[in-house]
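Subject: Structure for you to look at

Hello,

Here is the structure I said I would pass on. Please open it next to this email and follow along.

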Amino acid sequence: KDYNWREMVRTKSFWLLWTMFVLSATCGLMMIGNVGNVAQSFEDIYADANPDFVTTEENILLMAQLATLVGILAVFNGAGRVVWGFISDKIGRTKAMKTMFLVQALIYLCAAAFTMMKPTDENTVFIGVTALVSAAGFCFGGNFALFPPTTADYFGTKNFGDNYGKVFTSYGVGGVIGALMPAFISGGFEYVFIGVAVGSLAAMALAFMTKPPVAPAPKAE
């Protein structure tokens, strides 16, 4: 059945997809919206351990390295769209979603643990933050490889543009939540990372309940 958007929003499948997209987008957009603040938090830790932080050449190099994180995140974001799309074609949409949400949760739990360690060595900081940001961007890109085809699979292709536009409103909600989370969660980024990890696990739980909608039987003439 090709659903129009009014029929689509009356299905349980739509609201499960929409909520999963909110939760997953919140994870990625939190990192994208706050990557500079994340980098700054590690610079502050480094500065506390190195009183001459403001004047040394090593400090200038560290800041230059951290400034490359946005570009690295973008590269892995693009790679994630390709890889997760390939995975979903092999194992199915919802299985790919469950896998991606689990991987995403583990990434942010690792980010929380790394932050709690408060590393002060500049190479450790750069390598650790780069790895975590790259992995987060990789999973974030998967949203755009999984949710559009799932929308088409569930609700048909005839009204896909209109239907996916309604599903994609979740991205805007996730953007607002992700950008504001650090302002409302006190205690440092480790708690923000734990919060989005829990959200990703919640998305994985919803994926176990998500199935294509059952189209109504045709009316008798």
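Below is what was found in it, topic by topic.

The model is predicted, so local features need pLDDT of at least 70 and side-chain atom pairs count only at pLDDT 80 or more, while totals for chains, interfaces and linings use all residues. Residues are numbered from 1 along each chain as its sequence is written, and side-chain values use heavy atoms, with hydrogens and water left out.

Overall layout

The protein has nine helices and zero strands. Helices (H or I, at least four residues) and strands (E, at least two) are DSSP runs, numbered from the N terminus. Of the 221 residues, 45% are buried; buried means under 20% relative accessible area, exposed over 50%, and partly exposed in between, with a 1.4 Å probe and protein chains only. A contact means heavy atoms within 4.5 Å. Among contacts between residues at least 6 apart in sequence, 84% join residues at least 24 apart.

Nonpolar cores

A nonpolar core is a set of buried Ala, Val, Leu, Ile, Met, Phe, Trp, Tyr and Cys residues joined through side-chain atoms within 4.5 Å. The largest one has 31 residues, and Leu17, Met20, Phe21, Met97, Phe101, Phe147 and Phe155 have the most contacts inside it. Two or more residues each come from helix H2 (12-49), helix H5 (93-117), helix H6 (122-155), helix H7 (160-167) and helix H9 (189-207). H2 gives the largest share, nine residues. Leaving aside residues up to four places away in sequence, Phe147 touches Leu17, Met20, Phe21, Met97, Phe101 and Tyr164. There is also a second, separate core of 22 residues, which includes Ala112, Phe114, Ala136 and Val192.

In H7, the residues Asn163, Tyr164 and Val167 are buried. They lie on the same side of H7, because they cover an arc of only 95 degrees around the axis (the arc is that of the directions from the helix axis to the C-beta atoms).

Aromatic rings

Rings of Phe, Tyr and Trp (its six-membered ring) pair if their centres lie within 6.5 Å; planes under 30 degrees apart count as stacked, over 60 as edge-to-face and the rest as tilted. The structure holds 18 such aromatic pairs. One of them joins Phe21 and Phe168 edge-to-face, at 6.0 Å centre to centre and 65 degrees between the planes. Phe21 lies in helix H2 and Phe168 in the loop between H7 and helix H8 (169-184), so this pair ties together parts that are 147 residues apart in sequence. Phe21 is buried, at 0% relative accessibility, whereas Phe168 is partly exposed, at 32%.

The pair of Phe189 and Phe193 is tilted, because the ring centres are 5.9 Å apart and the planes are at 35 degrees. Both residues lie in helix H9, four residues apart, about one turn of the helix.

Which residues form one aromatic cluster? Phe21, Phe140, Phe144, Phe147, Phe160, Tyr164, Phe168 and Tyr171 do.

Cysteines

How many disulfides does a search of the whole structure find? The search finds zero, a disulfide being a pair of cysteine sulfur atoms within 2.5 Å. The sulfur of Cys27 is 9.1 Å from the closest cysteine sulfur, in Cys139, which is too far for a bond. Cys27 is buried, at 0% relative accessibility, and Cys110 is partly exposed, at 46%.

Regards
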